[in-house]
Amino acid sequence: MSDARLAPLAANTVKKKRRRAGGMKGFWQRIRKPLAQSDLAKSMLATLLAGGLRFVRATNRYAQGSSDAAQSYEKVTPAILAIWHGQHLLAPVLYPRGKPLAAMVSRSADAELNALVVEKFGFEAVRGSGGRGGKSKGDKGGAQALIALKKTLDAGSNVCMIADIPHGTPRQAGMGIVTLARLSGRPVVPIAMTTSRRKVLEKTWDKTTINLPFGRCAMIVGEPIMVPADADDAELERKRQEITDGLNEATERVYRIVDRRA
């Protein structure tokens, strides 16, 4: 068949694919709001997601070179476990069983499902955005969340906090986690985790990673970072950069392990 005759067929195929994609997008837009308003639907979806994470963990063996999370945490508890946006999905299922944990989850509507999943694993979800340290007048929720996390640390339990600011600059720690470390006197511990089989959503701002089953998983627990109680603004900025560097180094190490790079 000539190229001239093939061209209309190819064009029709493209149009059909676009219609299907548009139809799926339209369907999701129609059902998204009713789902968001249904506590039952959200709970069922969170249960499915939690089950999926457990399945991913069960079918991925730990790769050689991974940190012993339980042993590492034992040395620093209570501590602030820092992770990046986009790498956070595995965090609940890789945390040692039976150990208490409070996790900060954004107050956005999109993050509500994350909070429900965290709770399915028996952990406490503290809603707030700690990226700016609760300094702005309009960030009372962030300040309240930091206070709640400090109380958890004071009680002897670990907390988990996503270090970069939602929809801000990815892989750059915000000042919220630095502020919590200064107020609590507890260390920030950089954490990175991933699987060898994964799907990266390239169009998302944080390059969200969907971890897949039947491969290898790895976790790196970095060196703890202390923030002095009397740190001035310049020192706080240095610590913010130190946390950023620690997380990026842990991320590079964990990807080298699962991808078997030298």
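User: Which residues line the second largest cavity, and which elements give two or more residues to that lining?

Analyst: In this predicted model, the second largest cavity holds about 40 Å³ of space. Its lining is made up of Gly 86, Gln 87, His 88, Leu 89, Leu 90, Met 193, Thr 194, Thr 209 and Asn 211. The elements that give two or more residues to this lining are strand 6 and strand 8 (209–211).

User: How do the residues lining the second largest cavity divide into nonpolar, polar and charged?

Analyst: The lining of the second largest cavity includes Leu 89, Leu 90 and Met 193, together with residues such as Gln 87, Thr 194 and Asn 211. Sorted by class, the lining comes to 3 nonpolar, 6 polar and no charged residues.

User: How many cavities of 30 Å³ or more does a search of the whole structure find, and what is the volume of the largest?

Analyst: The search, which covers the whole structure and applies a threshold of 30 Å³ or more, finds 2 cavities. For the largest cavity, the volume is about 70 Å³.

User: Which elements each supply at least two residues of the lining of the largest cavity, and how does that lining divide by class?

Analyst: The residues around the largest cavity are Tyr 73, Leu 81, Ile 83, Ala 91, Pro 92, Tyr 95, Leu 101, Cys 160, Ile 191, Met 193 and Met 219. At least two lining residues come from each of strand 2 (80–83), helix 4 (91–94) and strand 6 (188–195). By class, the lining of the largest cavity has 11 nonpolar, no polar and no charged residues.

User: Which residues are closest to the centre of the second largest pocket?

Analyst: The second largest pocket has a volume of about 340 Å³. It is lined by 15 residues, and those closest to its centre are Pro 92, Val 93, Leu 94, Tyr 95 and Arg 97.

User: Which helices each supply at least two residues of the lining of the second largest pocket?

Analyst: By class, the lining of the second largest pocket has 11 nonpolar, 1 polar and 3 charged residues. The helices that each supply at least two of the lining residues are helix 2, helix 3 (69–76) and helix 4.

User: Where is the proline that a cis peptide bond joins to Thr 77?

Analyst: The peptide bond between Thr 77 and Pro 78 is cis, with omega at about 0°. Pro 78 is found in the loop between helix 3 and strand 2.

User: What is the value of phi of Arg 171?

Analyst: Arg 171 lies in the loop between strand 5 (158–162) and helix 7 (175–184). Arg 171 is a residue other than glycine, yet its phi is positive, near 65°.

User: Why are helix 2 and helix 5 oblique to each other?

Analyst: Helix 2 (residues 39–58) and helix 5 (residues 112–120) pack with their axes 9 Å apart, at an angle of about 60°. Lys 42, Leu 45, Leu 49 and Leu 53 are among the residues of helix 2 in this contact, where they meet a set in helix 5 that includes Leu 113, Leu 116 and Val 117. The contact has 8 nonpolar, 2 polar and 4 charged residues. Because the angle is about 60° and only values of 65 to 115 count as roughly perpendicular, the two helices are oblique.

User: How are helix 7 and helix 8 set to each other, and which hand does their crossing have?

Analyst: Helix 7 and helix 8 (residues 233–258) pack at an angle of about 110° with their axes 9 Å apart, and they are therefore roughly perpendicular to each other. Met 175, Ile 177, Val 178 and Arg 182 in helix 7 meet Leu 236, Glu 237, Lys 239, Arg 240 and Ile 243 in helix 8, a contact that divides into 5 nonpolar, no polar and 4 charged residues. The crossing of helix 7 and helix 8 is right-handed.

Notes. Residues numbered from 1 in each chain as written. Predicted model: local features only at pLDDT ≥ 70, side-chain atom pairs only at ≥ 80, totals over all residues. Heavy atoms only, no water. 1 Å grid on protein atoms, 1.4 Å probe; cavity = no way out; pocket = protein on both sides within 12 Å on 5 of 7 lines; lining within 4 Å. Points joined across faces, edges and corners; volume = space filled by probe spheres on them. Helix = DSSP H or I, 4+ residues; strand = E, 2+ residues; numbered from the N terminus. Nonpolar A, V, L, I, M, F, W, Y, C, P; charged D, E, K, R; others polar. Axes fitted to C-alpha atoms, helices over the stretch in contact; angles between N-to-C directions. Parallel < 35°, antiparallel > 145°, perpendicular 65-115°, else oblique. Contact = heavy atoms within 4.5 Å. Left-handed = near helix turned anticlockwise from the far one by under 90°.
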